[in-house]
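Here are a few notes on the aromatic rings, for you to read with the model open. Take them one point at a time.

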Amino acid sequence: MKISPFNLDLSYVDLIFEVTRKCNMQCPHCIRGEAQNVNISKKVIDSVLSQIGSVSVFTVSGGEPLLNLRAINYILNQMNERGVFFQEFWFATNGTILTKGVEDLIRNLYYCATDKDISGIRVSIDPYHEDIINRWKWEDLKETLNYRDGIDINFEMRGAPEPRYLISDGRAKDNYYSERKPKPSLYLCE
């Protein structure tokens, strides 16, 4: 029997939106493979949110998710309008994009989360990247948000694990050996 998302209780789920396949880097350990000029559509966002009750962990991913701030903000606005609340949020970034829009997004995510203490952002600093120029700007942003706004988000300045712990998919599958395979997921859209 084929399982349909319409046959499942989708309240209090972990929800991941891949908001873009675009990326401004070509990391050899990337599980996504080659970047694509593709962004999530409002139609897909609306379709998924129409099937969701509340959310435990709200995650945005990509490509580089901060290349599509418009979609992330649209998701947040739609969640708010539909009364879809999330406990915590999480996203990883390669750290190369740090604009006022990103600062506003982090503030918005923080205020929307019902359990702010366990929300987090990972800025990739690892052996696969050159030390990113914006690393210190991210650390300054964390201090600014904490002291000016009282926002205490878990900023992790780290990245991918050593090769044997990488997920064997995308470019990582071609460039490194690992026994970790991607976990199956339930997709609420094509």
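1. Start with the cluster: F17, F58 and F86 are joined by ring pairs. Two rings of Phe, Tyr or Trp (its six-membered ring) make a pair if their centres lie within 6.5 Å. The structure has 4 aromatic pairs. Keep in mind that this is a predicted model, where local features need pLDDT of at least 70, side-chain atom pairs count only at pLDDT 80 or more, and totals for chains, interfaces and linings use all residues. Residues are numbered from 1 along each chain as its sequence is written, and side-chain values use heavy atoms, leaving out hydrogens and water.

2. How are F17 and F58 arranged? Their ring centres are 6.4 Å apart with the planes at 75°, so this pair is edge-to-face (planes over 60 degrees apart; under 30 is stacked and the rest tilted). F17 sits in strand 1 (residues 13-18) and F58 in strand 2 (residues 55-61), so the pair ties together parts 41 residues apart in sequence. Strands are DSSP runs of E, at least two residues, and helices are runs of H or I, at least four, both numbered from the N terminus. F17 and F58 are both buried (under 20% relative accessible area, with a 1.4 Å probe and protein chains only).

3. Now look at W138 and F155: with centres 6.2 Å apart and planes at 55°, the pair is tilted. W138 belongs to helix 4 (residues 135-149) and F155 to strand 5 (residues 154-157), so parts 17 residues apart in sequence are tied together. W138 is buried at 0% relative accessibility, and F155 is buried at 11%.

4. Last, a charge over a ring: K116 lies over the face of Y110, 5.4 Å from the ring centre. For Lys, this requires NZ within 6 Å of the ring centre and within 35 degrees of the ring normal; for Arg, CZ is used.

Methods:
Buried means under 20% relative accessible area, exposed over 50%, partly exposed in between (1.4 Å probe, protein chains only).
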